[in-house]
Amino acid sequence: MAFDPRSIAVYSVGLLGGSIGAGLKASGYTGRIIGISSPASIGVALSMGIIDEGVGYDRLAEAVSRVDCIFLCSPIGVIIDTLKALSEMRLPERLVITDVGSTKSEIVSLANCLLPPSVEFIGGHPMAGSEKSGVGASDPFLFQNAMYLLTPCKGAPEKQCGDFAAFLERFLGCRTMIADPEEHDAIVAAVSHVPHILSV
């Protein structure tokens, strides 16, 4: 059965989180999108039509109980803290949790240790961005043709990760690649360091 979430939560509706919501809406996703963020960001996201509903960070447990998938779009340190918080909550069975962090080993290892086997964690790193920031800079085409790396937990069913990848490609227009977390970090480190070395 293909990955077909009826509802999605976006935790931290900034540039990336907002662009995920905008991309889903622009490409015809008909499910409900809940933004979990600050009141200011929620207000902007609602006015732009990026989300259908917004709640504060203090209502994470209530929001997650109503969704099939959650995108963690915070800085890496906050993603780690949020995974710890999620591990102490009652989570829906077959909930898919993903993130947009630029390093994967620590995040995936923590998710593997803390999250219950009834949910699926698939690490993610969209290779896309902008010189702008904040939800107001959200772009529905930010991920078009961009590489979106996925790093599932060890032992994760290949089909489930493949179905999630197909969902991202369909609704965000990206190109996906599945990689081992350590391999991902080595590749990203090499790519990010090359321009610096060349400039020196």
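Is asparagine 145 buried or exposed? Asparagine 145 is exposed, with a relative accessible area of 55%; the cut-off for that label is over 50%. Keep in mind that this is a predicted model.

- The strands form an open sheet of 8, in the order S3-S2-S1-S4-S5-S6-S7-S8, and the pairing is mixed.
- Strand S3 (53-55) and strand S8 (175-178) sit at the edges with a single partner strand each, so one side of each has no neighbour in the sheet.
- On average, neighbouring strands of this sheet are turned by 25 degrees against each other, direction ignored.
- S1 and S2 run parallel and share 5 bridges; for alanine 9, the bridge partner in S2 is isoleucine 34.
- S6 (residues 120-126) and S7 are antiparallel, again with 5 bridges between them.
- On to S8: S7 is joined to S8 by 4 bridges, running parallel, and here tyrosine 148 stands opposite threonine 176.

**How covered are the strands?**

- For S1, 5 of its 5 residues are buried.
- Both faces of S1 are covered, with Ser7, Ala9 and Tyr11 buried on one side and Ile8 and Val10 buried on the other.
- S7 is mostly covered too, with 5 of its 6 residues buried.
- Helix H1 lies across S1, strand S2 (32-36) and S4, and runs at about 170 degrees to S2.

**The nonpolar cores**

- The largest nonpolar core counts 32 residues, and Leu24, Phe71, Tyr148, Leu150, Phe164, Phe167 and Leu168 have the most contacts inside it.
- The elements giving two or more residues to this core are strands S1 (7-11), S4 (69-72) and S7 (147-152), plus helices H1 (15-26), H2 (39-48) and H6 (158-172).
- H6 is the top contributor to this core, with 7 residues.
- Zooming in on phenylalanine 167, its contacts beyond four places in sequence are Phe3, Pro5, Ile8, Leu24, Tyr29 and Leu172.
- There's also a second, separate core of 26 residues, with Tyr11, Val55, Ile79 and Leu95 among its members.

**The largest pocket**

- The largest pocket holds about 510 Å³ of space.
- Its lining has 19 residues, and Ala2, Phe3, Asp4, Asp68 and Arg94 are the ones nearest its centre.
- H6 shows up here as well, giving the most to the lining of the largest pocket with 3 residues.

**Loop residues with positive phi**

- Serine 12 is not a glycine, yet its phi is positive, near 80 degrees.
- You'll find serine 12 in the loop between S1 and H1, and it is buried, with a relative accessible area of 15%.
- Asparagine 145 is another residue other than glycine with a positive phi, near 65 degrees.
- Asparagine 145 sits in the loop between S6 and S7, and its relative accessible area of 55% makes it exposed.

**Two buried loop residues**

- Serine 74 is in the loop between S4 and helix H4 (76-87).
- At a relative accessible area of 9%, serine 74 counts as buried, because the limit is under 20%.
- Leaving out residues up to four places away in sequence, serine 74 touches Tyr11, Ser12 and Ile79; of these, Tyr11 and Ile79 are listed in the second core.
- Glycine 31 lies in the loop between H1 and S2 and is buried, with a relative accessible area of 13%.
- Beyond its neighbours within four places in sequence, glycine 31 is in contact with Arg6, Lys25 and Asp52.
- The C-alpha atoms of glycine 31 and isoleucine 8 are separated by 7.4 Å, with the two residues 23 apart along the chain.

Definitions and conventions:
Residues numbered from 1 in each chain as written. Predicted model: local features only at pLDDT ≥ 70, side-chain atom pairs only at ≥ 80, totals over all residues. Heavy atoms only, no water. Core = buried A, V, L, I, M, F, W, Y, C linked by side-chain atoms within 4.5 Å. Buried < 20%, exposed > 50% of the residue type's maximum accessible area, 1.4 Å probe, protein only. Contact = heavy atoms within 4.5 Å. Pairing = 2+ DSSP bridges. Axes fitted to C-alpha atoms, helices over the stretch in contact; angles between N-to-C directions. 1 Å grid on protein atoms, 1.4 Å probe; cavity = no way out; pocket = protein on both sides within 12 Å on 5 of 7 lines; lining within 4 Å. Points joined across faces, edges and corners; volume = space filled by probe spheres on them.
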